[in-house]
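Good morning, and thank you for making time for this presentation. I would ask you to keep the sequence and the structure in view while I speak.

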Amino acid sequence: MGDRRAHSQENLSRPRSAGGHDSSPRVINIYHNCTVNNVGRIENANFGDNHGTVNGGSDSSQPAASSQCVSNTELDALLAPIRDASYTRNRKTSPPDSDCFPGTREVVIKGITDWADSPVLFNADAPHVFWTHGYVGCGKSSISQAVSQKYGRNGRLLASFFFYRNSGDRSKMTRFAVTLASQMVSAIPSTGSFVQAAVKADPALLTREVSLATQLEHLVYKPFTAAVKWGLMFQTFFYGPFLIVIDGLDECEDKDEVKEFIEHTLDFFKRHPSTPLRFFITSRVEQHIKECLNINGVRLDDLVAHGSDDDILTFLEASFLLRAERDPVIAAYVQSHGQWPTRTDMKTLVHHIGGSFIFASALFKYIVGPSDDGLTPMTRLPLTLNMNPGLDGLYAYTLAKSQRLSHFSNGSQNSSASRPSKYFTFS
């Protein structure tokens, strides 16, 4: 196994019996990122950074995967995952740049975490898949980000993938499976040897010569279940199952493979109902997704039905208050006239927004943002209430006011009136 000093090592032993004989198997060395065959009974062995535990032993006649050490760094390079697909990506350069505003979406997130934390053992009928759906701008990606961060911190996030339309591989299924596999190996290093064994047995797994279902089965699901069998069962029993977060599934251009992913995943959990793994998926209600997920065995959550007016109000109140502390024009107005916006204006604004966080953010930026139109935030606020509800009204108003700018030629005025200009983006 090479230079054993280069690997983290744990000596596992048990007290000798009263007669002086060792009442347990010989001392066993467990090397992180290596797999040792035929080790006999293992007690209290830590596997990787997630500290999985095996108590009670396993069938020593069945090897874990390979007797060779695994370099997970080399394996990661071999898998060639998409680096900016996870929740840890730079959201400024790799959108969506979404996050839940403090104090909002707490009820929604609690419903998700209660499901994700429920045990799988002795509760095999509980759904392994949770689908949150809603229209654009209602906060799906923000919730995915918050859930990923929570389970990333507590060590139970197996992987996350944020699809994004027109962003190369992040809008396709081409490297979906290898990216999940790479993140899994990073989260649970003991899965690396099983992934390596699968690739060694079938190098085509790293290409699209095999189906997406085959890639997922051999690069993700089987290595995970093998790691659970050999070291993580008691961790998942005490701390809960692992979670994979898939955001914006409707943003994926490969619709047939989206269906293949969903159908194969549901079939896998039907075959292995006790697997301590769950999927949290968000998307708009696209037909090819709805027909696969709107079934028994999937927990459904209509984000729009939660009614987010209270969360919108929380966001606006905090945002206007913070802006007043930084903007001397608003501060002077408040000092002279009292609270701004007034409670009545705020209530009217929340009703006008209609529960869309992206619209709330866009309106707030329009009201308080810098502009050369000569208007103050106090003047812009009533103007927003006269716009048609939704982003179309805001875009149309902004573009109409901008037609006098030099970059708006006659041709661009005619062609841009019905769609957002590249000069106006809202996160």
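I shall discuss the nonpolar cores, then a strand and a helix, and finally the salt bridges.

Please bear in mind throughout that this is a predicted model.

Which residues touch the most other members of the largest nonpolar core? That core holds 56 residues, and the answer is Phe176, Ile246, Leu249, Phe261 and Phe279. Helix H6, residues 212-239, supplies the largest share of this core, with 11 residues. As a general remark, nonpolar side chains in soluble globular proteins tend to be buried together.

If we leave aside its neighbours within four places in sequence, Leu249 is in contact with Phe163, Met173, Val258, Phe261, Ile262, Ile281, Thr282, Ser283 and Ile289. One of these partners, Phe261, is also among the core residues that touch the most other members. Apart from this core lies another, of 22 residues, and Trp340, Phe359, Met378 and Met387 are among them.

I turn now to strand E4, which covers residues 157-162. Six of its six residues are buried, so the strand is mostly covered; buried here means under 20% relative accessible area. E4 pairs with E5 in the parallel sense, over five bridges. Within that pairing, Ser160 stands opposite Val245 in E5.

Next comes helix H4, residues 176-187. How many of the 12 residues of H4 are buried? The count is 11, and the helix is thus described as mostly covered. Among the buried residues are Phe176, Leu180, Met184 and Val185.

Leaving aside neighbours within four places in sequence, Thr179 is in contact with Pro81, Ile82, Ala85 and Phe161.

I come finally to the charged pairs. The model contains 19 salt bridges, and I have selected a few.

In the pair formed by Asp169 and Arg175, the closest N and O atoms are 2.6 Å apart. Asp169 is partly exposed, at 28% relative accessibility, and Arg175 is partly exposed as well, at 27%.

Arg284 and Asp250 form another salt bridge, with their closest N and O atoms 2.9 Å apart. Why does this pair tie together parts that are 34 residues apart in sequence? Arg284 lies in the loop between strand E6 (277-283) and helix H8 (287-293), whereas Asp250 lies in the loop between strand E5 (242-247) and helix H7 (255-271), so the bridge connects those two parts. Asp250 is buried, at 5% relative accessibility, while Arg284 is partly exposed, at 25%.

A further bridge joins Asp267 to Arg271, the closest N and O atoms being 2.9 Å apart. Both residues lie in helix H7, four residues apart, or about one turn of the helix. In an α-helix there are 3.6 residues a turn, so residues three or four places apart point the same way. Asp267 is partly exposed at 35% relative accessibility, and Arg271 is partly exposed at 40%.

Lastly, a network of salt bridges links Arg91, Lys92, Asp97 and Asp99.

That concludes my presentation, and I thank you for your attention.

Terms used. Residues are numbered from 1 along each chain as its sequence is written. This is a predicted model: local features need pLDDT of at least 70, side-chain atom pairs count only at pLDDT 80 or more; totals for chains, interfaces and linings use all residues. Side-chain values use heavy atoms; hydrogens and water are left out. A salt bridge is a side-chain nitrogen of Lys or Arg within 4 Å of a carboxyl oxygen of Asp or Glu. Buried means under 20% relative accessible area, exposed over 50%, partly exposed in between (1.4 Å probe, protein chains only). Two strands pair if DSSP finds at least two bridges between them. The expected span of a helix is 1.5 Å times one less than its number of residues. Contact means heavy atoms within 4.5 Å. A nonpolar core is a set of buried Ala, Val, Leu, Ile, Met, Phe, Trp, Tyr and Cys residues joined through side-chain atoms within 4.5 Å.
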